[in-house]
Amino acid sequence: MDETFSLAVVVDDDPDIALAARLALRDMFERIETLTTPADLLPFLKRESPDAVLLDLNFERAATDGKEGLESLDRIM
């Protein structure tokens with residue numbers, strides 16, 4: 001089955017991770033958008049309806065608890 005979806009959004013502050021995600025998802029989605037901060041996600045979701053969101057959990061330097069990503073997930077849900 002070669003089904004593709006319309007839109008995926010990747011939210012990650014590391015450009016290498018964003019590129020890797022783009023490459024991994026390119027055969028599954030017609031369009032892939034990348035955002036660098038979770039603050040950009042809510043305005044994006046007001047304009048677009050992605051089929052999938054790939055959300056990094058840690059944006060603050062040295063953070064490992066996932067708090068930022070989980071708070072962002074809570075807001076978008």
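Predicted model: local features only at pLDDT ≥ 70, side-chain atom pairs only at ≥ 80, totals over all residues.
Colleague: Where is L73 found?
Modeller: Residues are numbered from 1 along each chain as its sequence is written, and side-chain values use heavy atoms, with hydrogens and water left out. Helices (H or I, at least four residues) and strands (E, at least two) are DSSP runs numbered from the N terminus. L73 is found in helix 3 (residues 67-76).

Colleague: How many salt bridges does a search of the whole structure find?
Modeller: A salt bridge is a side-chain nitrogen of Lys or Arg within 4 Å of a carboxyl oxygen of Asp or Glu. R31 forms one with E33, their closest N and O atoms being 2.9 Å apart, and R31 also meets E48 at 3.0 Å, N to O. Over the whole structure, the search finds two.

Colleague: How many residues apart are R31 and E48?
Modeller: R31 lies in strand 2 (residues 29-35), while E48 sits in the loop between helix 2 (41-47) and strand 3 (52-55). The pair links distant parts of the chain, and the separation is 17 residues.

Colleague: What is the relative accessibility of E48?
Modeller: E48 belongs to a network of salt bridges with R31 and E33. E48 counts as partly exposed, at 25%.

Technical notes. Buried < 20%, exposed > 50% of the residue type's maximum accessible area, 1.4 Å probe, protein only.
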